[in-house]
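Subject: Structure handover and notes

Dear colleague,

Please find the structure below, together with its sequence. My notes follow it, grouped by region so that you can read them with the model open.

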Amino acid sequence: MFVNMRKFLFSSRHKISMAFAFSSLVNAISIALQPQEKILCFHCNDKMRKKNALMATFNGANYPVCCHGCLAVLKTIERNGLTEQYLHTKASETVASL
């Protein structure tokens, strides 16, 4: 039985599949470690990876948001007719922070 197991472990087919698995793992790690573009959430201004952004349609345009909470806030504001007030407040906060 030991001899059969040894033949299996060192067969060329098994070596190829292990090499493929290892190279796939190395590729996945190198992709994960590459610097990723960061953007700001439209609602809370938190930084997030661009690839992780959710897109919210707000006031007829698409904006990136960081989470479902920010997405829900924008939908609620729009649904309750508070869009103009929200945009005005957001604009004055931006000016104040400069």
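Predicted model: local features only at pLDDT ≥ 70, side-chain atom pairs only at ≥ 80, totals over all residues.

In what follows, two residues are said to be in contact when heavy atoms of theirs lie within 4.5 Å.

Overall layout

The secondary structure of the protein chain comes to four helices and four strands, and when it is read along the sequence the pattern is α-α-β-β-β-β-α-α. Of the 98 residues in the protein chain, buried residues make up 15%. The accessible surface comes to about 8000 Å², and carbon and sulfur atoms account for 62% of that area.

The nonpolar core

The largest nonpolar core has twelve residues, namely Cys41, Phe42, Met48, Ala53, Ala56, Phe58, Val65, Cys70, Leu71, Leu74, Ile77 and Tyr86. The elements that give two or more residues to this core are strand S3 (54-58) and helix H3 (68-79), and H3 gives the most, with four residues.

Is Phe58 buried or exposed? With a relative accessible area of 0%, which is under the 20% limit, Phe58 counts as buried. Beyond its neighbours within four places in sequence, Phe58 is in contact with Phe42, Tyr63, Leu74, Ile77, Glu78, Thr83, Tyr86 and Leu87. Although Phe58 and Glu78 are 20 residues apart along the chain, their C-alpha atoms are separated by 7.0 Å.

Thr83, one of the residues that Phe58 touches, is found in helix H4 (residues 83-97). Thr83 is counted as buried because its relative accessibility is 9%. Residues up to four places away in sequence not being counted, Thr83 touches Phe58, Asn59, Ile77 and Glu78.

Cysteines

The structure holds zero disulfides. Cys44 is in no disulfide, and the nearest cysteine sulfur to its own, that of Cys66, is 3.7 Å away, whereas a disulfide here calls for two cysteine sulfur atoms within 2.5 Å. Cys44 counts as partly exposed, because its relative accessibility is 32%. Cys70 is likewise in no disulfide, the nearest cysteine sulfur being that of Cys41, 3.8 Å away; at 6% relative accessibility, Cys70 counts as buried.

Cys67 has its place in the loop between strand S4 (61-65) and H3, and at 31% relative accessibility it counts as partly exposed. The C-alpha atoms of Cys67 and Leu54 are separated by 6.7 Å, while the two residues are 13 apart along the chain.

The salt bridge

How many salt bridges does the structure hold? The structure holds one salt bridge, in which the side chains of Glu37 and Lys50 meet at 3.9 Å, N to O. The pair links distant parts of the chain, since Glu37 is in the loop between H2 and strand S1 (38-40) and Lys50 is in the loop between strand S2 (47-49) and S3, 13 residues apart. Side chains of opposite charge can pair when their charged atoms come close. At 51% relative accessibility, Glu37 counts as exposed, while Lys50 is partly exposed, with a relative accessible area of 47%.

A nonpolar patch on the surface

Finally, Phe22, Leu25, Val26 and Ile29 make a nonpolar surface patch of about 390 Å². Phe22 lies in helix H2 (residues 12-33), and with a relative accessible area of 56% Phe22 is exposed.

With best wishes

Definitions and conventions: Residues numbered from 1 in each chain as written. Heavy atoms only, no water. Buried < 20%, exposed > 50% of the residue type's maximum accessible area, 1.4 Å probe, protein only. Patch = residues over 30% accessible without salt bridge, like charges linked within 9 Å, V, L, I, M, F, W, Y side chains within 5 Å. Areas by Shrake-Rupley, 256 points an atom, 1.4 Å probe, with all protein chains shown as cover. Salt bridge = Lys/Arg side-chain N within 4 Å of Asp/Glu carboxyl O. Core = buried A, V, L, I, M, F, W, Y, C linked by side-chain atoms within 4.5 Å.
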